[in-house]
Amino acid sequence: MATRRITQETFDAVVRENIEEFDMKESEALKEAIEQFESQGVDLSNIVKAVPKVSSEENTEDQTHEVLQALESIKTAVASSSASVLEDLRVFTQQCSLGFAQRYLAAQKEAYPVILACCQRAAGEKEALSVALAALSALTDGQPDLLDVEGREFLMGVLTAHQTDAALSCLCIRVVRHCCVKHENNRQDLVKVGVLPLLTASITRHIHHPEVVKEACVTLRVMTFDDDVRVPFGHAHEHAKMIVLEHNGLKVIVEAAKAHPENATVLSELCGTLSRLAVRNEFCQDIVDLGGLKFMITLLADSLDCPVSCRIRESFSIVSCEHKPISCCCDASVFQELVKQVLSALKAIAGNDDVKDAIVNAGGAELIVMAMNRHMSNAQVCEQGSAALCVIALRKPNNCKVIVECGGALAALQAMKTHPAEVNVQKQSCMLLRNLVARTRDFSQLILEMGAEALISQALAAHRDCGDVGRAALRDLGCQVELRELWTGKKGSLSR
């Protein structure tokens, strides 16, 4: 694994040396430099892998990368109050959008204060502010450490002052999201100054603007992340509770889902956020009471052309003859992402025992199995499907009976067979099989006849992480399992 790093100047110097000293063509010189550094274990993820361009015809010795040329043009235009600053900002945004290396290089050359100053100057002009915010959004993508107190105050000011403007709200919310991914301090600071009510209000106010709904929804979800390795304890759980209890987040999201019945991308993000907010038993039930379970089941039913899905539509009084199936409204990858997020949300709300039964009574178990079979080639769908069934089966013998009868055990085993290298598919399938027989052994023989023992044994051999769940599944299925305790030589360290 590459751990060494170099500066952009060092990389550019080697490329220039290859051209000047070894008479290589630009493409050849660049390729040679990349191979040379990678062979030495250097991480080039922060390096712009391009030959610097001449920035001025008057000085052919002055070579720099295009993103830095755009940054210098912005500085010059601002200093001279030139009208070209908007075009320069657009070029800068385009360059930053090419990749993280360009953004990183710009940030190293003090781009953040320059772009933030442009945003502050444009505060009273919507077009200029829109262009400047787009540049700030592009620059901060993957670089949340750039945000400072001044920038935070600016973002909150824009969100407050332009609440009725959908386009500006969307751009500003995107910057907030970029600054909160993998940055716990930014999340906490923004929550303290009141970003959560602004986000939920944006969804409600612009409920018919899919981009605003999607962006605000994703940003709410980011506020519940615990992804900053620099912080030992985050406020993910507290933020989720605040969104629900103080800002009516569950109702806001469910209502937004009802407003976009055929937009797979928006629905996917809404389901993903619901799954992050179902952190308490009562929240799971609230989602059901608000109609969240109904729209999730409907989404799965709409993805399937079969008698069962028609019966489920009828049970929810859904007029399917006038409803365009969502599977016809998007490409396969978007559709599979939606199915995955729906399954994840069902798994989350099934943490409530009463909701487990509600899902089964609504035909959810059958639909989950059908979704897995329909998208068996997609490892993430298989993983989330098995995980959802696993939670629904937990401590519920009657639900286990329904799952087995509708083919849930067979689907899990087929997923294991289809994705032998996917450890999460193997783990979730093993956990499901164990839950199906943990409280009743009636299904053990049937599941074993499907080939469970061999597949679980293969998972144990291939994936160390499957050790505990795989052995537990074999044990509860009645198979012979060797559970040896090995002394490692350290105090208190017994391992199986």
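Guide: This is a predicted model. Start with Lys396 and Asp357, whose side chains form a salt bridge at 3.0 Å, N to O.

Visitor: Where do Lys396 and Asp357 lie?

Guide: Lys396 is in the loop between α22 (379-393) and α23 (397-405), and Asp357 is in helix α20. They are 39 residues apart in sequence, so the pair ties those parts together.

Visitor: Is Lys396 buried or exposed?

Guide: Lys396 is buried, at 18% relative accessible area. Asp357 is partly exposed, at 25%.

Visitor: Which residues of α20 are buried?

Guide: Val355, Lys356, Ile359 and Val360. Down the axis of α20 they fall within an arc of 140°, so they line one face of the helix. The face turned away from that buried side carries exposed Asp354 and Asn361.

Visitor: Back to salt bridges. How many are there?

Guide: The count is 26. One of them joins Glu127 to Arg90, with the closest N and O atoms 3.5 Å apart. Glu127 is in helix α7 (residues 126-140) and Arg90 in helix α4 (residues 85-96), 37 residues apart.

Visitor: Which residues are in a network with that pair?

Guide: Glu87 is linked with Arg90 and Glu127 in a network of salt bridges. Glu127 is exposed, at 54% relative accessibility, while Arg90 is partly exposed, at 36%.

Visitor: New topic. Which residues form the negative surface patch?

Guide: Glu28, Glu32, Glu35 and Glu38. Glu28 sits in helix α2 (residues 26-39) and is partly exposed, at 46% relative accessible area.

Notes:
Residues numbered from 1 in each chain as written. Predicted model: local features only at pLDDT ≥ 70, side-chain atom pairs only at ≥ 80, totals over all residues. Heavy atoms only, no water. Patch = residues over 30% accessible without salt bridge, like charges linked within 9 Å, V, L, I, M, F, W, Y side chains within 5 Å. Areas by Shrake-Rupley, 256 points an atom, 1.4 Å probe, with all protein chains shown as cover. Salt bridge = Lys/Arg side-chain N within 4 Å of Asp/Glu carboxyl O. Lys, Arg positive; Asp, Glu negative; His and termini not counted. Charge placed at Lys NZ, Arg CZ, Asp CG, Glu CD. Helix = DSSP H or I, 4+ residues; strand = E, 2+ residues; numbered from the N terminus. Buried < 20%, exposed > 50% of the residue type's maximum accessible area, 1.4 Å probe, protein only. Arc of directions from axis to C-beta.
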